[in-house]
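Welcome! Here is a friendly briefing to read alongside the sequence and the model.

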Amino acid sequence: MLRKANFVLTPYINSSNLRATYQILNTVVPYVLLWILAIQAQSISLWLLPPIIVLLVLFSLRCFSLMHDCGHNSLFRSKSANRIIGFLLGAINAIPQYGWSRDHAYHHKTNGDWERYRGVADFLSTEEFSQLDPFHQKLYEVLRHPLMAIPGGFFYLVIKPRLILSLGVYDLIHHIFTDLKQGSEFKLAQMISAHQSKYWQSSTEFWDLLLNNIFVVSSWIILSSLWGFELFWSIYSMVISCSATIFIWIFFVQHIFEGAYAHKTEGWDYISGAVKGSSYLKLPAILRWFSADIGYHNIHHLSERIPNYHLAACHRENSHLLSDVKILRITDLFDCAQFILWDADSNRLVSVASFRQAAEARANFIALRARE
């Protein structure tokens with residue numbers, strides 16, 4: 001069995017502020033300039049917009065990928081630099097970075113343990129799926145179809161953080177008034193810290209969510225007033241939806257595929273989860289750059305502290321230990337998308353079709369035995 005000590009990882013856990021700064025500049029500056037170009041181009045001809053929007057989508061994807069590194073404190077040497085830049089990159093894609101990074105850290109700690117973490121779309125076990133009626137079984141399949149990532153990505157980035165803040169603030173206000181009725185002294189910061197919210201897990205996460213919403217909504221208002229509501233939102237909604245769809249798809253094929261490590265908690269192994277529960281996503285050079293080499297996902301899961309600019313070299317160094325990993329391409333998405341059920345008995349992912357065939361075979365066998 002592979003152990004972490006078998007891999008050469010430590011030399012690559014070496015963040016460079018210079019390389020990180022260069023990556024931020026060659027990502028954020030073009031993204032801003034492309035927005036300015038798009039506004040200028042539309043006044044000449046709308047036919048100039050499609051290639052600009054494609055580039056905006058790709059740079060938005062790269063912003064997210066670099067934010068992901070910041071969440072692991074791997075892009076810069078300084079934790080505070082990762083925190084500040086991560087917040088700004090999150091705001092570009094309308095997502096609160098702190099809460100996202102906390103959830104993502106849980107994914108890293110439990111990858112391959114399907115009793116604790118159910119993948120990118122809260123997948124059901126075969127037992128849970130069998131308890132659904134036909135309508136809800138069909139609904140389950142439809143909601144986890146890859147094309148649902150398009151509206152789902154827009155909801156995830158644009159609507160969900162605003163909805164969570166609204167519901168959470170309402171819950172917080174109710175908590176504050178309840179405390180005041182009970183005679184508590186009005187100390188806002190203390191009340192926020194003491195409040196156990198189901199919408200955020202700490203006061204730090206609340207402040208990050210609040211500041212993200214202030215920054216994002218303010219930018220929406222300002223840019224809509226400068227460039228026009230219809231123009232801004234027609235471009236912005238396409239960019240944010242498409243970039244979200246791409247990184248959802250990438251994340252999907254990195255963990256959901258035939259033969260993926262999908263174990264119960266008992267007997268689960270972290271290294272197996274990293275190596276066999278993550279694919280090597282082979283991307284064209286241009287997508288490797290825009291995704292910040294996240295395709296080397298086995299290495300990333302072995303050590304999330306390795307910055308993106310060292311992943312390829314680390315992969316080459318350890319390639320002799322990764323000969324059995326699953327190699328996928330983005331075109332394999334629809335093949336992978338069928339494996340949306342977890343069979344706890346066999347510790348593997350299965351398709352709905354294979355589950356139904358197995359269930360039908362069992363039913364036929366039982367019926368045959370009953371007639372004998």
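The structure holds 22 aromatic pairs, where rings of Phe, Tyr and Trp (its six-membered ring) pair if their centres lie within 6.5 Å, with planes under 30 degrees apart counted as stacked, over 60 as edge-to-face and the rest as tilted. This is a predicted model, in which local features need pLDDT of at least 70, side-chain atom pairs count only at pLDDT 80 or more, and totals for chains, interfaces and linings use all residues. Residues are numbered from 1 along each chain as its sequence is written, and side-chain values use heavy atoms, with hydrogens and water left out.

**Aromatic rings**

- Phe123 and Phe252 form an edge-to-face pair, with 6.1 Å from centre to centre and 80° between the planes.
- This pair links distant parts of the chain, 129 residues apart: Phe123 is in the loop between helix H4 (97-110) and strand E1 (124-125), and Phe252 is in helix H10 (residues 229-255). Helices (H or I, at least four residues) and strands (E, at least two) are DSSP runs, numbered from the N terminus.
- Phe123 and Phe252 are both buried; buried means under 20% relative accessible area, exposed over 50%, and partly exposed in between (1.4 Å probe, protein chains only).
- Phe206 and Trp207 are also edge-to-face, because their ring centres are 5.0 Å apart and their planes meet at 65°.
- Within that pair, Phe206 is buried at a relative accessible area of 5%, whereas Trp207 is partly exposed at 39%.
- One aromatic cluster is formed by Trp35, Trp220, Trp227, Phe229, Phe232, Trp233 and Tyr236.

**The chain as a whole**

- The protein chain has 16 helices and five strands.
- Its radius of gyration is 23 Å, close to the 21 Å that the globule rule gives for 372 residues, so the chain is as compact as a globular protein of that length. The radius is taken over C-alpha atoms, and the globule rule is 2.2 Å times the number of residues to the power 0.38.
- The C-alpha trace spans about 80 × 60 × 50 Å along its principal axes.
- Of the 372 residues in the protein chain, 47% are buried.
- Among contacts with a separation of 6 or more, 72% are between residues 24 or more positions apart; a contact means heavy atoms within 4.5 Å.

**Surface and charge**

- The protein chain exposes about 19300 Å², and carbon and sulfur atoms supply 62% of that area. Accessible areas come from the Shrake-Rupley method with a 1.4 Å probe, and for residues only the protein chains shown count as cover.
- The chain has 31 positive and 28 negative charges, whose mean positions are 5 Å apart. Lys and Arg count as positive and Asp and Glu as negative, while His and the chain ends are not counted; each charge is placed at NZ of Lys, CZ of Arg, CG of Asp or CD of Glu.

**Residues in helices**

- His108 sits in helix H4 and is buried, with a relative accessible area of 3%.
- Not counting residues up to four places away in sequence, His108 touches His72, Tyr270, His300, His301 and Glu304.
- His108 and Ala274 are 166 residues apart along the chain, with their C-alpha atoms separated by 8.4 Å.
- Phe154 belongs to helix H7 (residues 149-181) and is partly exposed, with a relative accessible area of 23%.
- Leaving out residues up to four places away in sequence, Phe154 touches Ile159, Ser237, Ile240 and Ser241.
- Phe154 and Ser218 are 64 residues apart along the chain, and 18 Å separates their C-alpha atoms.

**Residues in loops**

- Ala94 lies in the loop between helix H3 (79-92) and H4, where this residue is buried at a relative accessible area of 0%.
- Although Ala94 is not a glycine, it has a positive phi of about 70°.
- Asn347, in the loop between strand E4 (341-343) and strand E5 (348-350), is not a glycine either and has a positive phi of about 55°.
- Asp293 is found in the loop between helix H12 (285-290) and helix H13 (297-302), and counts as buried at 12% relative accessibility.
- Apart from residues up to four places away in sequence, Asp293 touches Arg288, Asn308, Leu311 and Ala312.
- Ser78 is placed in the loop between helix H2 (49-71) and H3, and counts as partly exposed at 29% relative accessibility.
- Ser78 and Ser16 are 62 residues apart in sequence and 9.8 Å apart in space, C-alpha to C-alpha.
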